[in-house]
Amino acid sequence: MKFELELPKIEEKVLQFWKENKIFKKTLEKTKNGPRFVFYEGPPYANGLPGIHHLLSRALKDVILRYKTMQGFFAERKGGWDTHGLPTEVEAEKKLNIKTKGDIEKIGIEKFIEECRNSVFTYKKEWEEFTERIGFWLDLKNAYITCSNDYIESLWWILKRVWEKGFLYQDYKVVPYCPRCGTSLSSHEVAQGYEKIKENSIYIKFKLKDEKNTYLLVWTTTPWTLPGNLAIAINPEFSYLRVRIGEDCLILAKERLMILEGEYQIEEEFKGEKLLNLEYESLFKTEGLNKKAYFVISGDFVSTKEGTGLVHIAPAFGEEDMEVGKQNNLPILMTVDEDGKFKEKTGPWAKMFVKKADPLIIKDLQKRNLLFREETYEHDYPFCWRCDSPLLYYAKTSWFIKMTAVKEDLIKNNKKINWMPEYLKEGRFGEWLKEVKDWNLSRERYWGTPLPIWVCEKCDKKVYIESKKELKGKSDKEIKDLHRPYIDEITFKCDCGGEMRRVTEVIDCWFDSGSMPFAQWHYPFENKERIDKNISFPADYICEGIDQTRGWFYTLLAVSTLLDFGNPYKNVISNGIVLDAKGQKMSKSKGNVILPKEVIDQYGVDAVRFYFYTLNPIAEPKRFNLKDLQALYRKFFDTLNNSQAFFLNYIDEGFQPIKNFKSANLLDNWIFSRLENLKFQTIKKLNSYDIVGAARPLEVFIDDLSNWYIRRSRRRFQRPKNPEEKEETSQTLYCVLLEFSKLLAPFCPFISEKIYQGMKGKKEESVHLADYPKPDNNLINQKLEEQMKRAREIVALSLAERMKARIRVRQPLNKLEVKEEKMESELTDLIKEEVNVKEVIFDKKLKASIRLHTEITLKLKEEGIIREVVHCNNKGRKELNLRPKDKVISIYDSTSDAINKVLEKNKDFIANETSSEIVQIGGEADESFDYKKEIEIDGVKIKIIIKKIG
């Protein structure tokens, strides 16, 4: 796709200019004594290449930072790298060609850890180049790294505060668990990986003891949990029915009767409490249970929205199941191992992955006439956010942070945050906080921040270590690397004489990123004043994708709240995900991935940035459509570039900008008013972090500038009545372009630099060193803007009438009547020229709102021919890249003698309008002509030939 403006080439030159002149550094030097604007960079992983969604979020970060810098704020931009956890471990496993924790143990933890460390920055260079290329100014030389000893030590200190409050505890709970990775996950990690799936759900008959052919009818979507069943829950307040179908009696909730098909007979209706403590037969043989099981219990979570109103309880595989199991003193039957496979002696499905065992379990129930019905069920199911394996809910001993204890503080701190879009505050994010769960902190993995708790092998005493210094004091050993397996080797004596060893777990890598406001500065071991004196805390601004409402946005708030530091950020933008043009998620398997480099190389960064800024509301999914991007490129960037090119083409060589220039011309005053209003609106929207609301009017303004102001001012540039008239319009357009380049700079840093550098008399070395424009209220004329708007509406309606009558715009007409109050003469003249009529009559008594007189006299027709000829000639000049001062010879010849006579009569006018030194009517040019075109007007052909002079 070829465009007039080659934005990628311009951007490469601008990048070089910034680099050679150290413009980023100079912006920081200029503002270092200004008020601080604190920004937190959400750390990406550098073991994968950046995607188009990274361009979106980084563009949103950069626009606010550039804006604030131009306003005089000192905006440090410390970069960061996320390094720990499954994202890195999964890549290391691939490189080592291993798949399980058992494989890791075989090759040795040390070898695995070194591979993790090596893979952390696989694509660091590509990330740095990407960041620079998209114009995102970020301090990557001093970036924080989550796997550094200093960073880890700060995390230890933070967790020690949690420990001291009694909020860090160990418990046996049902947790989301990835059998492939062999570790539990937190609720916010689980929220990252839900997918809609279809799988079999079944209705099962549990036979009541001592009652012939009487069954409790139960529904489940997880047949694999049935071997672990120990109870059935009902709601004592619900009404239940005993229904006979053939020889069987089924018990289910009255409100779920609709699930039955065919003939049945209701034998009894009763309250659920009648079912409590009834015993039923186990579906499968079990051994070694040390507590009572297989009876009906009460559960307030039982509903009649789906299922049967009876819920199967397997305490080892459900959070609610575990809680109700504890309340009813149920045993725990663990039928599945940590690989997600059934244990020995569990049936024909022993050693089989649980999800694959579902068909065998269903078939077994069917054989024994215990399967009532099987049907397909579509629902959201959690998958591991990094390896895509289906998660299981699985009973394990883990370490938790008691987030429920600070729930009210979380909600209170969230109220102090400005969310964009605003509805996320009480909606997606607020609802998440209302349902907050204790944070499952520990991971049974390797590459992560080690949980610094040492336990005595003899007396079980637990000691929490908060620093390297404390650890050395306890063990008398210097440690160079705080990671496993080195930290595991550090032991020390307990007061009882026993040996104290570290627990084997590492912590959730989301705790790493959530602690970055403090750990990036090695707080409190260094840089205490940055936090304690609010130099670098809280953040004024953060921005990431909408998925981070359950990720980084939450963990930042969680850590800060646990430390009693309040809200860690004041303003947050949450952007929508990027989809393909059809609204599908991008994936390599679908072949619909948009690679940032390919788009940037073809269209330039500014085009992609501005496309994202103006596409749709910020949090909505973004359908990335190249056709829309191309349209924006032409409409906005080509138009902006052409506007400057027009200015540079037509200004006099001796032009010098005049400070605080004022014009008496109505059109000049209109565009000045539009500009000052634009400044006001842009600043207002950016101050409220409404980037879309700030960007869209910029696009509208350029359309107004080019297609109204410049088009209506062409004559003043090309054929001014006097020098003063050209000076007025030149000064006006100069001022507008210069000020607009500053307004645009945060959004489109490259094209704005190009525009700024092309203007005489600029004050600063770079547009990004200029002050952001402030509106001059004295230049805002709201009444004039409204009048101009109405005039343009009249023009649009009139041109529509022309089109209806099939009359060319360049064909003059006599009269236009308008149902409107009389307008001032300059506006009336604009309407006359645009509609191409000799007279505009304003009459409030008109029945219709426009009446265009379409009769064409001979004189009008001749004038229309001349205008068409002039228009065609000037198009030829443009194709030849001629400047206004370049003179030509123009030759015209028609197949009609009458038209040739009209052309001859108007030779002087044509010469003036086309900058022609000689105008010749009739005859052929020699072979040295530069341009030749034949046009047709009302069936008559006219030949137009242009020859350059000199």
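**Where domain 4 meets domain 5**

Between domain 4 and domain 5 there are 5 residue pairs in polar contact, with both residues at pLDDT 80 or more. A polar contact is a pair of N or O atoms within 3.5 Å; within protein, one atom must be able to donate a hydrogen and the other to accept it, and residues adjacent in sequence count only if both atoms are side-chain atoms. The side of domain 4 that touches domain 5 has 3 nonpolar, 3 polar and 4 charged residues. Here Ala, Val, Leu, Ile, Met, Phe, Trp, Tyr, Cys and Pro count as nonpolar, Asp, Glu, Lys and Arg as charged, and the others, Gly among them, as polar.

This is a predicted model: local features need pLDDT of at least 70, side-chain atom pairs count only at pLDDT 80 or more, and totals for chains, interfaces and linings use all residues. Residues are numbered from 1 along each chain as its sequence is written, and side-chain values use heavy atoms, with hydrogens and water left out.

The domain assignment lists five entries: domain 1 (168-188 + 394-509), domain 2 (198-382), domain 3 (603-780), domain 4 (785-856) and domain 5 (859-948). Such bounds come from an automatic or database assignment. The centres of domain 4 and domain 5, taken over C-alpha atoms, are 29 Å apart. In contact (heavy atoms within 4.5 Å) are 10 residues of domain 4 and 9 residues of domain 5.

How much area is buried between domain 4 and domain 5? About 890 Å², with carbon and sulfur atoms giving 51%. Buried area is the accessible area (1.4 Å probe) that two parts lose on being put together, summed over both. Arg808, Arg810 and Pro812 supply 61% of what domain 4 buries against domain 5, more than any other three residues.

Charge pairs link the two domains too. There are 4 salt bridges between domain 4 and domain 5. A salt bridge puts a side-chain nitrogen of Lys or Arg within 4 Å of a carboxyl oxygen of Asp or Glu. Glutamate 863 and lysine 838 form a salt bridge, at 2.8 Å from N to O.

The whole structure holds 86 salt bridges. One of them joins arginine 530 to glutamate 76, with the closest N and O atoms 3.2 Å apart. Arginine 530 lies in helix H17 (residues 528-532) and glutamate 76 in the loop between helix H3 (52-70) and strand S1 (78-81), so the pair ties together parts 454 residues apart in sequence. Helices (H or I, at least four residues) and strands (E, at least two) are DSSP runs, numbered from the N terminus.

Now look at a sheet. It is open, with 4 antiparallel strands in the order S19-S18-S21-S20. Strands S19 (462-464) and S20 (492-493) are at the edges with a single partner each, so one side of each has no neighbour in the sheet. Strands pair if DSSP finds at least two bridges between them. S18 (residues 453-456) and S19 share 3 bridges. Tryptophan 454 has valine 463 in S19 as its bridge partner.

Last, some backbone exceptions. Most residues other than glycine have a negative phi, and most peptide bonds are trans. The bond joining arginine 484 and proline 485 is cis, with omega about 0°. Proline 485 sits in the loop between helix H14 (468-475) and S20. Asparagine 97 has a positive phi, near 55°.
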